[in-house]
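Here is a short tour for anyone who likes to think in contacts and accessible areas. Have a look at the structure, and then let us walk through it together.

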Amino acid sequence: MKTHVRVLVIGGGVVGVSTLYHLTRKGWTDVALIERTELTAGSTWHAAGLLPLFNMSYTVGQLHKYSVDLYKRLPGETGQDVSFHVSGNLRLATSRDRMDEYQKYCGTANTIGVPFEIISPQRVKELWPLAELGGSGDTPALVGALYHPDDGHIAPADLTMALRKGARAAGAEIYEHTEAQAFERTPAGEWQVKTSKGDIVAEHLVLATGNYARQTGRMLGLNVPAIPVEHQYIVYDESPELKSYRQGGGRELAVLRESDASYYLREERMGWILGPYERGAPARFADGVPDWFGRSLFPGDLDRLVPHVEAATRRVPALENCGIKDIVNGPISYTPDGSPLIGPAWGLPNVWLNEGHSFGITAAGGSGWQLAEWITEGEPGIDMLAVDPRRYGAYTGKRYVVKKNEETYRNVFTIHYPDEERADARPAKTSPVYDKINAMGAVWGQRYGWERANWFAPAGVERKDKWSFRRTNYFPYVAREVQLMREQVGVIDLTPFTKHEVTGPGAEAWLDGLVANKVPARVGRMALSHALTPRGGIRSEFTITKIADEHFYVVSAGAAERYDGDFLQKKLPKDGSVGLRNITNTRGCFVVAGPHSRAVLTQLTDTPLDNDSFPWLTAQTIEAALAVDVYALRVNFVGSLGWELHFPIEYAHNLFDALFEAGAKHGIGMVGMRAMESLRMEKSYRMWGSDMTPDYTPFEASLDRFVRMKKGGFIGKEALEQQLAAGVPNRFVTLEVHGVTDADPLGNEPLFDKNGKMIGRATSGYYGHHIKKSLAIGYVKAQYAEPGTPLSILILGERKQATVLRESPYDPDNNELRA
Ligand SMILES: Cc1cc2nc3c(=O)[nH]c(=O)nc-3n(C[C@H](O)[C@H](O)[C@H](O)COP(=O)(O)OP(=O)(O)OC[C@H]3O[C@@H](n4cnc5c(N)ncnc54)[C@H](O)[C@@H]3O)c2cc1C
């Protein structure tokens with residue numbers, strides 16, 4: 001066994017072996033993998049081998065697409081067959097909402113180049129003659145289906161062996177029966193891994209330990225939010241009907257998914273495999289995998305399976321005539337949002353996770369591809385935020401993860417509405433004034449563990465969402481909140497913002513090297529600033545305010561706490577010249593905005609708030625009501641006159657009550673996240689994570705005014721120089737969409753020129769309630785960015801005309817903000 005390698009992968013499931021394979025494809029051949037028992041001994045050996053291309057996530061969709069393409073060429077490359085049956089994949093729909101979900105997905109599929117068809121019930125019958133179309137008795141009628149001709153199923157162990165062969169042929173080593181037992185940092189900054197067969201030192205560690213993710217993480221002090229859930233499928237005996245259909249020349253049936261009955265069905269040796277996602281499947285191994293488990297399974301739980309078996313038998317009566325051969329019930333790793341954890345571990349240099357895979361056979365290729373690129377080149381080739389392990393924070397304790405993973409598992413096949421908010425493990429994190437806001441009719445949502453009011457139900461209106469892909473029950477109430485903000489004064493509780501304090505003699509120079517904008521030099525000035533990736537993509541957005549000499553207040557998105565914190569911490573100079581403190585939980589934030597906001601705030605503070613004393617884009621430390629040391633920032637994300645008050649958290653109640661008392665005669669009211677979405681869209685404000693991602697540079701995002709190419713060096717500057725020299729390929733635009741009656745754009749819709757050629761994608765969309773326009777924002781090829789350009793957009797299967805608008809359709813000259 002080698003004693004030193006560049007990368008050591010821990011875990012010999014399909015995901016670990018794929019990572020190893022892809023490292024060798026990047027030219028890193030001094031790499032090894034250790035597996036505690038034998039390759040595939042974890043979840044890989046008993047997986048059903050389905051490769052669904054369907055995924056609502058833009059990122060995960062790209063990973064799956066890469067995998068399917070790779071698996072097709074792998075046998076030719078390695079000489080190892082992988083039993084890839086390209087049988088196709090059929091997802092049935094029995095309701096309009098389900099069809100809306102498929103149509104929404106098709107927007108994403110279009111933008112990433114996944115082939116698909118939306119088909120009629122009649123076509124379903126042609127493709128799947130053994131299925132009933134329903135409509136009588138207990139079998140719901142089909143309204144259509146989504147068909148992927150390109151995917152199918154594979155033999156997971158053969159796939160792993162092919163990847164192993166490819167990796168070993170390129171020089172990678174694989175050591176079975178070798179368990180990682182402890183990790184230590186060497187003085188040289190490498191990782192010393194104690195294994196059951198001796199020590200190995202590695203520059204980089206990749207954890208790909210499947211069901212063991214939590215115990216592996218614990219050895220490194222990481223609380224990895226991956227806990228498996230039981231997942232079972234039934235293997236049936238030969239089916240006489242299937243046999244006669246196949247012997248009569250019928251082609252292999254597509255994998256069938258009846259989403260509304262939560263099961264999949266595929267052929268297996270003239271019989272069937274039926275896999276449901278049941279209610280009540282328990283999380284397992286929250287405290288680690290016990291030694292006795294090994295290459296084992298759980299006993300089958302027929303009670304949980306019965307409702308799905310019955311539904312499947314109604315849809316495919318041939319099931320009735322075959323006996324059950326086996327029930328496979330194994331652990332399947334899950335995370336609270338169902339997406340894997342691929343990327344850097346937080347707080348530790350050169351430690352990488354490829355964990356939490358619930359569709360790991362499908363995702364193995366793509367996750368290995370991107371992780372290898374990240375390790376060898378310093379960043380991934382596509383936007384990986386949706387799977388970045390740092391999208392979670394310290395709140396993912398054991399009980400939270402258990403509850404959320406069980407909830408996610410049983411919802412695998414439910415309709416994924418864009419406004420869906422799931423109920424379990426809530427409320428977890430709340431603002432101090434949660435009860436007060438709740439009493440005002442809040443209808444809550446959750447992000448990064450925080451409760452956030454989505455909208456406010458007036459007295460007598462039910463406090464409940466009716467989730468939809470279209471305008472729905474809360475539409476008129478969101479409109480009222482938008483009007484409140486535009487015409488009177490509204491309050492948004494943005495306490496979840498991520499807040500860092502950066503201090504010390506080196507603070508300004510250090511921050512300046514991290515972001516593309518000029519860090520403010522004068523106390524009381526602020527700068528919207530973007531940290532870029534080395535390739536020039538947007539990694540983070542920070543509002544940096546100079547509070548005092550050598551003291552900066554750095555605010556970023558609430559969901560970026562660990563993502564940004566980890567970035568800042570890893571970049572911190574070692575000489576002690578800069579202090580970095582995460583003060584997220586020590587300050588709350590109320591946005592107070594609208595034409596009457598000045599009149600309200602003036603009653604709370606002696607600080608003059610007129611334009612000369614307190615201009616737009618400046619900040620002061622003020623007293624407000626009984627609160628002291630309040631950072632008042634004259635900026636906001638809604639585009640009206642207003643201030644963000646960032647106050648010491650202990651004053652939350654006092655400040656909140658004072659605001660509402662002073663605001664009563666000005667019609668003050670609470671405003672929720674959905675109204676904020678409408679308001680920011682009217683101003684073309686880009687949202688980090690959806691409109692600003694590593695896929696696009698700030699020039700492509702049309703944020704040129706926040707980039708100072710003439711200042712000193714900053715991360716990504718060379719890439720921007722190259723892009724300027726070569727020409728900026730895409731531009732960010734705001735579109736008015738015409739002819740919308742009930743389905744506004746929501747993001748991830750493809751955009752077309754007048755000849756029907758795809759020339760970009762929307763990254764967000766909403767109805768602008770004040771300007772009364774259906775709006776989309778996103779990226780188009782640069783030549784289509786001129787205001788007035790006619791384009792079209794595909795929304796839920798319907799092509800709508802759209803026109804490029806001048807940036808910021810509401811108040812384009814920012815007169816309100818300067819008022
Ligand atoms: C019943 C069932 C059906 C499924 N069907 C499908 C499907 O159809 N399609 C699909 O895409 N996915 C499916 N899955 C999910 C799929 O099996 C997993 O996502 C996938 O196998 C995960 O692979 P992995 O490499 O991450 O983990 P694993 O295969 O679990 O591998 C992890 C490995 O790490 C090793 N290890 C752990 N700790 C250490 C250590 N300290 N030192 C050394 N080695 C260690 C383990 O021994 C294990 O071999 C199914 C899962 C189940 C349970």
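This is a predicted model: local features need pLDDT of at least 70, side-chain atom pairs count only at pLDDT 80 or more; totals for chains, interfaces and linings use all residues.

## A lysine and its neighbours

Leaving aside residues up to four places away in sequence, Lys-800 touches Val-737, His-738, Gly-739, Leu-791, Ser-792, Ile-793 and Ile-795. One of these neighbours, Gly-739, also has its backbone oxygen 3.0 Å from a polar atom of the Lys-800 side chain.

Lys-800 sits in strand E35, which covers residues 798-805. Is this lysine buried or exposed? Its relative accessibility is 15%, and because the cut-off for buried is under 20%, Lys-800 counts as buried.

## The ligand and its shell

Now to the ligand, which is surrounded by 36 residues. The closest of them are Glu-35, Thr-44, His-357, Gly-360 and Thr-362. Sorted by class, the shell holds 16 nonpolar, 17 polar and three charged residues. Helix H1 (14-25), strand E10 (227-236), strand E14 (324-334) and helix H9 (360-377) each contribute at least two residues to this shell.

Which backbone atoms meet oxygen atoms of the ligand? A polar backbone atom of Ser-43 lies 2.8 Å from a ligand oxygen, and one of Ile-361 lies 3.1 Å from a ligand oxygen. For Phe-359, a backbone N or O atom is 3.4 Å from an oxygen atom of the ligand. On its own the ligand would expose 1000 Å², and the protein buries 98% of that area.

## An enclosed helix

What covers them? After H17 comes Ser-684, with a positive phi near 60 degrees.

## Cysteines without a bridge

A disulfide is a covalent bond between the sulfur atoms of two cysteines. How many disulfides does a search of the whole structure find? The search returns zero.

Methods:
Residues are numbered from 1 along each chain as its sequence is written. Side-chain values use heavy atoms; hydrogens and water are left out. A disulfide is a pair of cysteine sulfur atoms within 2.5 Å. A residue is near a molecule or strand if one of its heavy atoms lies within 4 Å of it. A polar contact is a pair of N or O atoms within 3.5 Å; within protein, one must be able to donate a hydrogen and the other to accept it, and residues adjacent in sequence count only if both atoms are side-chain atoms. Accessible areas come from the Shrake-Rupley method with a 1.4 Å probe; for residues, only the protein chains shown count as cover. Helices (H or I, at least four residues) and strands (E, at least two) are DSSP runs, numbered from the N terminus. Ala, Val, Leu, Ile, Met, Phe, Trp, Tyr, Cys and Pro count as nonpolar, Asp, Glu, Lys and Arg as charged, and the others, Gly among them, as polar. Buried means under 20% relative accessible area, exposed over 50%, partly exposed in between (1.4 Å probe, protein chains only). Contact means heavy atoms within 4.5 Å.
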